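Let's take a walk through a protein together. Have the sequence and the 3D view ready, and we'll stop at a few spots along the way.

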Amino acid sequence: MTPHGATVHVPAPAVLMERRELTGDTSLIRIAPDPSATGWLSSYIPGQFIQLSVPGAGEIPVSLADMPRQNGIIELCIRRVGHVTDRLKALVPGNRLGVRGPFGVGFPVQRMKGSPVLLLAGGLGIAPLRSLLYYLVRNREEYGEITLLYGAKEIRSMLFRDELAELALRRKLRLYLTVDFAPQGPTGDVECAVGLLPDLLKGFRFEANRTYAAVCGPPAVYRCLASELEEAGVAPERILLSLERRMCCGIGRCCHCAVGQLLCCTDGPVFPLSVLRQIPEAL
Ligand SMILES: Cc1cc2nc3c(=O)[nH]c(=O)nc-3n(C[C@H](O)[C@H](O)[C@H](O)COP(=O)(O)OP(=O)(O)OC[C@H]3O[C@@H](n4cnc5c(N)ncnc54)[C@H](O)[C@@H]3O)c2cc1C
Ligand code: FES
């Protein structure tokens with residue numbers, strides 16, 4: 001129990017510091033949790049999530065979009081889809097929020113050391129993978145080559161395009177982008193293919209037997225990406241998929257997030273393909 005009574009059950013108070021609109025329905029927000037929460041946040045592993053409460057609206061699971069700052073400030077990339085995220089959109093800097101977490105099993109960053117890492121992000125899946133990407137970039141010498149394949153519907157819905165391009169320019173990562181369609185022809189100043197993410201992966205050459213693949217995106221592409229990766233030679237234990245399920249408690253009590261006999265909130269949200277393969281309907 002902390003000075004504010006915050007526990008895994010009770011949110012720690014937090015303040016909305018800043019909001020940046022990324023697209024018509026998606027914003028990047030910075031929040032400052034009360035120092036009573038920053039002890040937990042310092043243990044954050046990319047791929048884990050927090051439960052964010054919006055007063056008067058409810059609580060939602062959200063991934064961190066970057067590693068927490070030293071001063072405890074965290075960044076979240078949030079798409080407006082319904083009740084809670086709508087209410088969140090109406091908040092302004094200075095408004096109060098609540099934070100529980102971090103929860104769940106993230107990417108096995110210790111085990112991944114020494115290996116090349118291939119990140120595959122579809123749509124909003126770039127948000128959780130951005131925290132892994134920055135973790136890898138900040139610990140660059142401990143990992144092999146870092147590559148990001150990122151697909152979005154169209155160029156204007158592609159998130160973080162400029163900062164990703166800048167990282168690629170500084171040779172921190174190899175970056176390959178694709179959009180489902182480009183009605184206006186050329187895709188602007190960043191080189192970008194036109195096609196689906198699995199198509200981009202099909203033509204991609206990499207050291208498959210040593211690579212860890214981290215995948216996050218719409219459920220529809222998971223099966224396709226997983227079989228492309230396996231066909232290329234990536235072992236199922238090294239194909240790591242971040243699943244999204246409806247959540248309630250976030251701590252393994254309510255069973256809202258069941259994936260077969262497993263729970264997405266405590267056994268995941270990051271699972272190796274070797275585990276998910278045993279569970280019918282997991283993907
Ligand atoms: C581990 C995890 C990490 C997440 N990270 C992010 C993130 O970084 N950024 C972000 O914007 N969103 C993220 N989400 C999704 C986010 O939790 C939902 O968008 C949010 O709960 C919707 O709440 P709402 O009240 O606004 O929408 P609601 O009114 O509850 O629902 C609106 C629509 O969204 C669908 N929906 C609601 N919750 C989910 C869910 N968990 N999975 C799939 N569909 C859902 C509903 O079926 C409905 O169609 C994450 C979810 C999980 C489980
Ligand atoms: S959200 Fe309650 S058990 Fe997973």
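A search of the whole structure turns up 20 salt bridges.

Before we zoom in, some ground rules: this is a predicted model, where local features need pLDDT of at least 70 and side-chain atom pairs count only at pLDDT 80 or more, while totals for chains, interfaces and linings use all residues. Residues are numbered from 1 along each chain as its sequence is written, chains are lettered from A and ligands numbered from 1 in the order in which they are written, and side-chain values use heavy atoms, with hydrogens and water left out.

Asp66 forms a salt bridge with Arg69, and their closest N and O atoms are 3.4 Å apart. Are these partners buried or exposed (buried is under 20% relative accessible area, exposed over 50%, partly exposed in between, using a 1.4 Å probe and protein chains only)? Asp66 is buried, at 2%, whereas Arg69 is partly exposed, at 35%.

Hop over to Arg210 and Glu207, whose side chains also meet in a salt bridge, 3.1 Å from N to O. Here Arg210 is partly exposed at 36% relative accessibility, and Glu207 is partly exposed at 42%.

Next stop: Ala214. You'll find Ala214 in strand S11, residues 212-216 (helices, H or I with at least four residues, and strands, E with at least two, are DSSP runs numbered from the N terminus). Ala214 is buried, with a relative accessible area of 0%. What is Ala214 in contact with, leaving aside its neighbours within four places in sequence? The list is Phe107, Leu118, Leu119, Leu120, Leu129, Leu132 and Leu240, where contact means heavy atoms within 4.5 Å. Ser242 sits 28 residues away along the chain, yet its C-alpha atom is 7.8 Å from that of Ala214.

Let's finish with the salt bridge between Glu166 and Arg170, which spans 3.7 Å from N to O. Glu166 is partly exposed at 43%, and Arg170 is partly exposed too, at 48%.

Notes: A salt bridge is a side-chain nitrogen of Lys or Arg within 4 Å of a carboxyl oxygen of Asp or Glu.
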